[in-house]
Structure formats: structure tokens, C-alpha cells
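Subject: Structure handover

Hi,

Here is the structure I promised to pass on. Please open it and keep it beside you as you read.

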Amino acid sequence: MLQEIMMLKYSGLLLAAALLTGYAAVAQNTPAEVKPLLGFDAGAAATEYQLEAQFDAQLKADNLRQWMKRLAAHPHHVGSPYDKDNAEFMASLFKSWGYDTRIDVSYVLFPTPKLRVLEMVAPTPYTAGLTEKPVAEDATSGQTSEQLPTYNCFSKDGDVTAELVFVNYGVPKDYEELERRGIDVKGKIVIAKYGGSWRGIKPKVAAEKGALGCLIYSDPKDDGYGQGDVYPKGAFKPETGAQRGSVLDMPTYPGDPLTPGYGSTKNAKRLDYKKAPTLTQIPVLPISYGDALPLLTALAGPMAPEAWRGGLPIPYHLGPGPAKVHLQLAFNWKTEPVYNVIATLKGSQYPDEWVLRGNHHDAWVNGANDPLSGLVALLEEARAASELYKTGWRPKRTLMFCAWDGEEPGLLGSTEWAETNAAQLQKNVVAYLNTDNSERGFLYAAGSHTLEKFFNQVGRDVTDPEKNISLNDRRRALDLVNGNADAQKDARDRADLRIAALGAGSDYSPYIQHLGIPSMNVAFGGEGDGGEYHSIYDSFDHYTRFKDPNFAYGVALAQTMGRCALRLVNADVLPFEFQNFSNTVAKYGTEVKQLTETMRAETEKQARLLVEKRYEAVADPTETLLPPRAPAAVPYLNFAPLDNALLKLEQSAQAYAQARKANPALTADRKKELDQLLYRAEQQLLSTEGLPRRPWYRHQLYAPGFYTGYGVKTLPGIREAVEERKWAEAEEQIKRTAAAIERFSGQINRATAVAGPGPAQ
């Protein structure tokens, strides 16, 4: 943990608080020891701790409970009456707390189903129910007239009949296994399990392989009775439960598919939806394991590999056939308004530096866990901050709370707002702080690694409500007990906990990956597992039984994110740090080089086995298992540009740390100049060309994977070129990534010149 740097008596703390902020301090909540805070000198740190004690004292779990019950009382998907009602309710809360509040509206494509038919026509007839069964113990599960049916948003219209093929999770490597067994999905309908990657990847890959349609089901081994008792006895998915969700090709670009790269204002020019590049190319439908069972039972053909077999009481065959299914889907291709609630508390000293705190408010159905568990914490943070304002506290920087609409269909509200206001956001936003769903358990954080040390200080200073130790200490214990070898080593040897990198899946994506704004995404989890995700069972009743009954972790989330926001708006100098960042990026560089070496060794081994006909020798003659295709040799890539850039980054990061240590006191003009260099540094990591085949993603360090969806790819241009064996592209991406890192190092050097002694350069 970080060392403490000084001791202060209560009297000194009270005097500092009174002189520096003008609000009345509460002596009994003042810490006896003042731990160091990035961006604050010792006196300002003491004042900040006092403010945070007052903030914590305002937080009330019952507020979170009551707001969740109210917001989750009815389904509130995009276009529903209660979606707008919730936005207006939250706006009224913010206004009552003294925020300058508005609702910004965008107009986005949001298709809803008008026809869903799934039936097996051979070898025996079966018609899928496609309906989730309400339960008496759940007060809102029976609101059938208000609920969206189970469907995949942005599926294509279609009417197809074909033999069925089981494709496991439906990711590229699964199709390689099928090809070895002589199975081609061209002209077939595939059925895939949820899991293994983001749902939108499954129809994307299926279409690339020539399939006519795609079904996605929740296997009980992964998401049902294989995990525990099903709802309502337990938390897990019952037989008729199904997972709604978007299948928009977000790894290409998120947001409204009809306005790529620009805001979907009322009069914006729109693409023809039939030509939008991020819509799926085949019809796709989610189903329950109850509806999947007859279809999978009717499959014949080879047995699925052992690792593919799920929890249904059947032998898992691959097909194709004799199961033959008819899938017919049609949608209402409507434009709907989305309502982004924006509440602002203007900064007193640097009003043009904005700290954004966001969480979405729309849901697929009632959405107690996703997204309201995070949203109610945000509301309580805003209320508590307004109470501080009444005591005389004023944030130095502007604090903005954002409740986004349209996240579930594809980050629609946040992306369109970001694209509409892109230039202003890049000029003014210091950082974007995101939450989404959260529950009991351990701290999970991902984000820009320039904020890693800053966030470690936050986790150090918040207490876990179940264990009465710091959030960091509990998370470190988890990594030591259950982490992989690298996580265990870091937890044992590294002072700071590593935060993860950001991929996609929530509203931070447009801010970091398109605009280059430093971002964080934070949640608690691990002790509130369940099968309610995107179903009618994601309800207030389910959440308060199984997720966070006392809202203790909701309060902990408010404490955590409240500290993030308060420290960013109050800091004398923004708390960015570059040595952790340099260490992490160097780790990514080592990984991509090791990936290349591993691929080379595996390729050489496989080529040798093919020449020696070893695959034929071990194959069972009664089964079809073809040898794998011989991959091309892996060349030696020139990583020198990347290595040189990483060395410059390390040197620049060290020089900045030394300058800040040697010259902590800066003039007001220098502080302002330094702030702008610090928070705009992330923009140096953008490239104007963007990533290959998806230019919307401009960040050279973090992006969702082209075939992983939510999952992050670090150094994505290099890594994905290597994985896809595009060697010329890999060489080009090495140069482009190295150039971005060097631009970043140059920005740090400019910050060092401002932070160091002597005249700023």
C-alpha cells in the first residue's frame, strides 16, 4: 500500500478546512493520519478527507432502495412511456438538488419485433413458446403488456427453413472444429450457446460462414440449474428464461447504425437501414433452454467435442439435421427518441474543465440490476454532493452527472451525444467515470492507466462493508487466492493493484476509444450471481433477494465513485500519473511479441506433425476428423519502432514524476496549463485513420476485439493483425502504434516542462 506522509492534529485539520473551503468541518470524522493524495498538497489532502467524511455521512441506503423500486416499477426500454417518465423523474431530482439540468434528445433507429416464429418441421413438429413465464413471487414479472418480447435487436428480417447445426459458442475457432469434422454450415441454421464472446459475434461469424439464420440459447450448465437453484427458489435462469440483447456489430462502430460517426440529431442525414453496415446479415433469435431442448434432442451426426457439451439431459450431437427448423422474423424499423439527462454543477475555479459521471437508465425490461444498481448510486452521489454545496463547498472544476438512454441497443444515447458534441468534449472533459450494473462482492475496475495510481488511492480509502478491510485489500486477497499466475504475482509483489483495460459493453466506449478522453468503469461483483440478465426476472424483487439486499455495496459504490469525482474536481493539479501507465503499456508490448513467438513455435510444430502424418495416425477410422489446415509460416516482425517508443515513454514518465516531486508548488497559470496538457494527453493515442476496417475506433492502445465484442484487445492494431496472420498489416500497425506512443511521450515532456522548476517552455 502507499505510505502515509504526515500526521496532523484535529485543530490543524479544522483550521485548514475553514480557511481553504469556508464550510464547517465535522471534527469527529477527521482522520488522525493524512494519507497522500495525488494532485493535493498535505493541507489540501486533509481538507479533502474532511469533505469526503461529510460526503459519506450523507449517503443513505434507503434512498437507493426507494429509487430502484420506483425506476424499476415498469419496463423502460427505448420508446416506452416509462423510459421517458424515468428521465423526467431524474431530471426533477437533479433540479431539486440545485443542478442546472436539461434533457438532451437524439433520434435513433430502434427496431422492435412484430413477428417471431420458430418451429421444428422435421423429424417431428415442435413450435417454440418464445415466452418467459411470470412467477408469483416476482411482482413485476407479469407485466406482459408492457414487456418487449424476447428478441435480438438489429437482427435482420428473414424467413428461412434449413437443417440445424450445433456450433458451441459460435466463435471462429468453433467453426475450425466443425470443418475438421467435415461439417459445413453454408445454407444451414446454426444454434449457439450464449457465452464465449459477445452475442453479436455469433450471427456475425455464422453469416461469414454462409449460414442462413442463427439461434442463441442459454445452456443450463452456464446459465441455469447447472449454477444453482433456479428462480424463484434461487437466483438462476429458469426453463423459460431468455436473454434479450443487441446484435449490432459494435466492434465496427457503436451508436445509431444510420449516423456513423456523427450525431443523430432530428434532421441528421441517415443511411437506408437496409444498407447500414452494423446490422446483422442474417435473422437471429434468442431462445430459452426449454425451447432449445427439443431442437438439440432431434440432432444427429457426430457427437460434439466433450468441452462443447452443456447441461441438458441429452447427448449433444452436431448435426446437420435431421432437425430442420423454420425461422421467421419481421421488425418495426422505427426511429425513437432517446433521453439523456445532463445535470451540471459549475466549477468555481476551472469551469471549463469538466468531470463527467455517467450510468445508463434504459433497460430491456425492468432492469433493477442492469442498469439501476449503478444508477441509484449515481443519484445518491449527486444528492450528497448537493448537500456539501449547501455547506459552502464549491468544486474547482465542473461536475456533470449524465443518465444515458439507449445503452442496451448499442450505446445509442451516449455515443450520439458524444458525436454531436465531440469538439467541445475533447476540449473540456477531464475524465469520464462510468458505472453500470453492480452487486455484492469484490471491486472491479478498468480504465485509462494514467488513472491507475489515482484509483488505487480511492480503493485504499473505502472500506468493504462485509469484511471491514479496504476494497483494495479484499481485491488483493481475491487475486492471491483465485487469480492466475500473473495476477497472483502482481498481487504479491506490486504496490498498486492493476486495473483492467477497457473494451466495449457500456457507455465509456465513445469517450475513450473515439474521443481519447480518460475513462474509468467500476463495479462490484462476484457474490450476487444469477440468471436474470436481460430477462423479465431482472426485477426489484430478484435484486433485493439475491444481489445486494441491504444496498451496502450500492453505498460502497457511491463512496468509491464519489471520491473519484470529488478528487478530480477538487485537486490542485489533476492526479494523472504515467509510470504505472508506462509499465502497463510495456507489458502489452511484451505480450504481442510473445504472441508472435508462440504462434511461430506452434505453426512449426503443426507443420512438422502434418508432414509426418501424425494426425492421420491418431484419427479414429470410424469418425471423421480431418487434419488441420497447414498455416503459413510466421515471419520475424520488426518490433524496433515499438521498443524505441516504449523506452521513450518510460523515460518521459520518470522525468515527469521527478519534476512533480521536485517542484510541487506551481503558480495558478502553470496549474491550468499543466491540467490541460494532462487530460488531453490521451488524445495523443488516437490515430486519424483509426483501426483497420473500423476507423471509428481511433485509440491505439484499447479497443473491443473484432471477434470478441465486449472483450478488450490491447495494442489492437498489432495484436489483431498478428492473430489474423496479416503480416504486412502487422508491420504497419507496429509503426502506427509506436508513433502514437511517441506523441504521448511528447505530451508528457511538455507537461514536465511546465511542472518543473524555472520558466515553462
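First, the ground rules. This is a predicted model: local features need pLDDT of at least 70, side-chain atom pairs count only at pLDDT 80 or more, and totals for chains, interfaces and linings use all residues. Residues are numbered from 1 along each chain as its sequence is written, and side-chain values use heavy atoms, with hydrogens and water left out.

**Aromatic rings**

Rings of Phe, Tyr and Trp (its six-membered ring) pair if their centres lie within 6.5 Å; planes under 30 degrees apart are stacked, over 60 edge-to-face, and the rest tilted. That rule gives 27 aromatic pairs. One of them is Phe 94 with Phe 401, which is stacked, at 6.3 Å centre to centre and 20° between the planes. This pair links distant parts of the chain, 307 residues apart: Phe 94 is in helix H4 (residues 81–96) and Phe 401 in strand E15 (residues 397–404). Helices (H or I, at least four residues) and strands (E, at least two) are DSSP runs, numbered from the N terminus. Phe 94 and Phe 401 are both buried. Buried means under 20% relative accessible area, exposed over 50%, and partly exposed in between (1.4 Å probe, protein chains only).

Phe 166 and Trp 308 are edge-to-face, with 6.2 Å between centres and 80° between the planes. This pair also links distant parts of the chain, 142 residues apart. Phe 166 is in strand E7 (residues 158–166), while Trp 308 is in the loop between helix H8 (289–297) and strand E12 (324–332). Both residues are buried.

Ring pairs link Phe 110, Tyr 151, Tyr 273, Phe 331, Trp 333 and Trp 364.

**Charges over rings**

A charge sits over a ring if NZ of Lys or CZ of Arg is within 6 Å of the ring centre and within 35 degrees of the ring normal. Lys 204 has its charged end over the ring of Tyr 707, 5.3 Å from the centre. Arg 694 lies over the face of Tyr 697, 5.4 Å from the ring centre.

**Helix H9**

H9 covers residues 368–390, 23 residues in total. From first C-alpha to last it reaches 31 Å, close to the 33 Å expected at 1.5 Å a residue. The expected span is 1.5 Å times one less than the number of residues. Of the 23 residues, 20 are buried, so H9 is largely enclosed by the rest of the structure. Pro 371 is in H9, and a cis peptide bond joins Asp 370 to Pro 371, with omega about 20°. Just after H9, Gly 392 takes a positive phi of about 115°.

**Other backbone points**

Most residues other than glycine have a negative phi, and most peptide bonds are trans. The bond from Gly 319 to Pro 320 is cis, with omega near 0°. Pro 320 lies in the loop between H8 and E12. Phe 551 has a positive phi, near 60°. Phe 551 is in the loop between helix H17 (540–546) and helix H18 (552–570), and is buried at 1% relative accessible area. Leu 715 has a positive phi of about 45°. Leu 715 is in the loop between strand E20 (712–714) and H23, and is buried at 0%.

**Pocket and cavity**

On a 1 Å grid over the protein atoms alone, a cavity is a set of points where a 1.4 Å probe fits but cannot get out; a pocket is an open set with protein on both sides within 12 Å along at least five of seven lines; lining residues have an atom within 4 Å of a point. Points are joined across faces, edges and corners, and a volume is the space filled by probe spheres set on them.

The second largest pocket holds about 1400 Å³. It has 30 lining residues, and the closest to its centre are Pro 172, Lys 173, Glu 176, Glu 723 and Arg 725. Helix H5 (172–180) supplies the largest share of that lining, six residues.

There are five cavities of 30 Å³ or more in the whole structure. The largest cavity has about 90 Å³ of space. Its lining includes Arg 694, Phe 706 and Glu 720. H23 gives the largest share of that lining, four residues.

Best wishes
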